[in-house]
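User: Please take a close look at the ligand site in this structure. What surrounds the ligand?

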Amino acid sequence: MSTADRKPFVGGNWKMNTNSAGASALIGAVTDRSGSSDAEVVVYPPFVYLREVGAAMSGKGTNVRLGAQDFRHEPDGAMTGCISLSMLKDCGATSVLTGHSERRHVIGESDSLINAKTKAALDAGMQVVLCIGELLEEREAGQTDAVNERQLRAGLDGVAESQLGQVVLAYEPVWAIGTGKTATSGDAQDAHTKIRGLVESMYSADAASKMRILYGGSVKPGNAVELFGMPDIDGGLIGGASLNADDFGAIVDATGR
Ligand code: PGA
């Protein structure tokens with residue numbers, strides 16, 4: 001399978017940004033700008049705006065889909081402050097993030113929790129964007145490949161090959177997230193090739209060739225074309241630039257190939 005057979009994917013992770021009016025305005029602009037893209041485009045607003053973002057999208061005939069940044073994997077019960085997968089589905093979300101570096105390194109999620117979340121979301125029929133990537137000190141110590149391998153194997157532990165169609169991977173070197181620093185396209189391509197090779201060794205050549213692997217970390221309109229031009233980079237997970245519909249749209253356009 002060639003690059004062209006993998007549908008490009010661009011996710012907009014709004015993180016803890018926007019407010020009610022801002023989220024509605026942003027989704028309106030995103031659907032106007034990117035709603036008919038051939039790429040798969042998913043936005044991940046804060047929980048509290050999911051319903052209104054979903055409502056603003058419905059009826060517009062847009063290809064943009066709704067996702068959620070986080071969730072708790074138990075189905076329901078005494079989990080103060082948590083949001084379940086069924087609640088997210090109820091709000092129209094069809095995609096979730098797991099393993100984002102801010103949840104790993106700021107909030108303290110472990111590999112095993114990320115695995116539990118990944119499996120629960122797949123079992124619930126959701127698409128999962130599983131994020132992996134090394135810290136700066138890990139990169140400087142030559143541990144990039146080992147960290148990616150550990151996080152990938154742990155994240156997908158117990159996930160059957162038959163569920164991989166619901167999985168998208170995102171390689172996000174932590175030192176590049178929100179910092180304005182980007183991995184060179186060559187470094188990113190190198191990491192992506194190794195990650196694809198790992199998927200092959202864990203599953204099969206067919207699974208590896210179908211798996212979409214996104215790059216994330218300070219993707220902007222000015223670097224997206226070069227990054228997405230690399231043969232193993234199938235799109236991006238976008239933070240800061242997803243808050244501006246024109247920038248995000250230019251990044252979505254950069255997947256055209
Ligand atoms: P950034 O965030 O684009 O602001 O670097 C990327 C991410 O966290 O996925």
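Analyst: A residue counts as near a molecule if one of its heavy atoms lies within 4 Å of it. By that rule, the ligand is surrounded by Lys15, His100, Glu172, Ala176, Ile177, Gly178, Gly217, Ser218, Leu237, Ile238, Gly239 and Gly240. This is a predicted model, in which local features need pLDDT of at least 70 and side-chain atom pairs count only at pLDDT 80 or more, while totals for chains, interfaces and linings use all residues. Residues are numbered from 1 along each chain as its sequence is written, and side-chain values use heavy atoms, with hydrogens and water left out.

The shell around the ligand divides into 4 nonpolar, 6 polar and 2 charged residues. In this count, Ala, Val, Leu, Ile, Met, Phe, Trp, Tyr, Cys and Pro are nonpolar, Asp, Glu, Lys and Arg are charged, and the others, Gly among them, are polar.

Next come the polar contacts, which are pairs of N or O atoms within 3.5 Å. His100 places a polar side-chain atom 2.6 Å from an oxygen atom of the ligand. Gly178 has a backbone N or O atom 2.6 Å from an oxygen atom of the ligand, and for a backbone N or O atom of Ser218 the distance to a ligand oxygen atom is 2.7 Å. The ligand exposes 290 Å² when taken alone, and the protein buries 97% of that; these accessible areas come from the Shrake-Rupley method with a 1.4 Å probe.

Notes: Polar contact = N/O pair within 3.5 Å; in protein donor to acceptor, adjacent residues only side chain to side chain.
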